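Work through the two exercises below with the structure open. Each has a task sentence and a stepwise solution.

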Amino acid sequence: MLKRLNSVFKNLDLRLILKALVFAGLLIWQLSIKPDGFFPILLFILISFYFYWRSIFSGRQFFSSFLILLIASFLAIRFLSFGITGIVSIFALATLFYLLLGVKNLTFINRSAIYYLLSSLLFFLIFFFFFLVDKSQFFLIKYLSAGLGIFLLSKEFLFFFVPAFPKRRALIASGFSLLMFEFLWVISLLPIGFLNSSALMLFVVLILMDFITNHFNGTLTRRVILRNATSWIILMIIIFAASNWSL
């Protein structure tokens, strides 16, 4: 029995799964004892930080993703109730934690694709909670918080996919975030619902990021431009057609 346990703890994949399950368990504990207690929140923060920093690999590189995931988890606890939907949502967040640790610890073979998926889902969470929360109070704080999240995640994204031009990355991330500020403001005025608004913002981010990464990597061609423009038009039509346009 002890040998089996030792083999489990020596297996990196199984260790990451166990960490993700602990992450989910702590969130479910918080969800089950609303209103939130101080000790479960503190324990969740401490253990999450311990799991993230336990390995020396790439801790600083992906810290923005880790921070955004923690904030999204706390927001999820606020909006979810203890039930099937809440538990499934928590396990979805735990899956993101597993992906983050796997990318950080060099576990996955196709690391770039996994990180692209992870960052896309984290961008979506930023937009999802921004469009979901009540913005009639403290709008500026919520707006700036979303913008800061976009900046941190876009800077990390460029650091991963554009290894060259370190000084330009921060500048491009700043300009990109300002542009996303404008899109966020405009899309928030559209009466298309928070899910469709979140999806629309995500497509804007991914398509523009694709332009930026292809430009810096020297792979921006007419075909890439046409593909992204076509994808953008098709996705806009689908989202607008699926929207209720309720005022």
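**Exercise 1. Describe how H7 packs on H8.**

Step 1. List the contacts (heavy atoms within 4.5 Å). From H7, Phe139, Tyr143, Leu144, Ala146, Gly147, Ile150, Phe151, Ser154, Lys155, Leu158 and Phe159 take part; they meet Arg169, Ala170, Ile172, Ala173, Ser174, Phe176, Ser177, Met180, Phe181, Glu182, Leu184 and Trp185 of H8.

Step 2. Sort them by class. The contact of H7 with H8 holds 16 nonpolar, four polar and three charged residues (Ala, Val, Leu, Ile, Met, Phe, Trp, Tyr, Cys and Pro are nonpolar; Asp, Glu, Lys and Arg are charged; the others, Gly among them, are polar).

Step 3. Take the geometry. The axes (lines fitted to C-alpha atoms over the stretch in contact, with angles from 0 to 180 degrees between N-to-C directions) of H7 (residues 139-161) and H8 (residues 166-188) come within 9 Å and cross at roughly 140°.

The model is predicted: local features need pLDDT of at least 70, side-chain atom pairs pLDDT 80 or more, while totals for chains, interfaces and linings use all residues. Residues are numbered from 1 along each chain as its sequence is written, and side-chain values use heavy atoms, leaving out hydrogens and water.

**Exercise 2. State which helix supplies the largest share of the lining of the largest pocket.**

Step 1. Name the contributors. H4 (63-79), H6 (111-132) and H7 each give at least two lining residues.

Step 2. Pick the main one. H7 supplies the largest share, seven residues.

Step 3. Check the classes. The lining has 14 nonpolar, two polar and two charged residues.

Definitions and conventions: Helix = DSSP H or I, 4+ residues; strand = E, 2+ residues; numbered from the N terminus.
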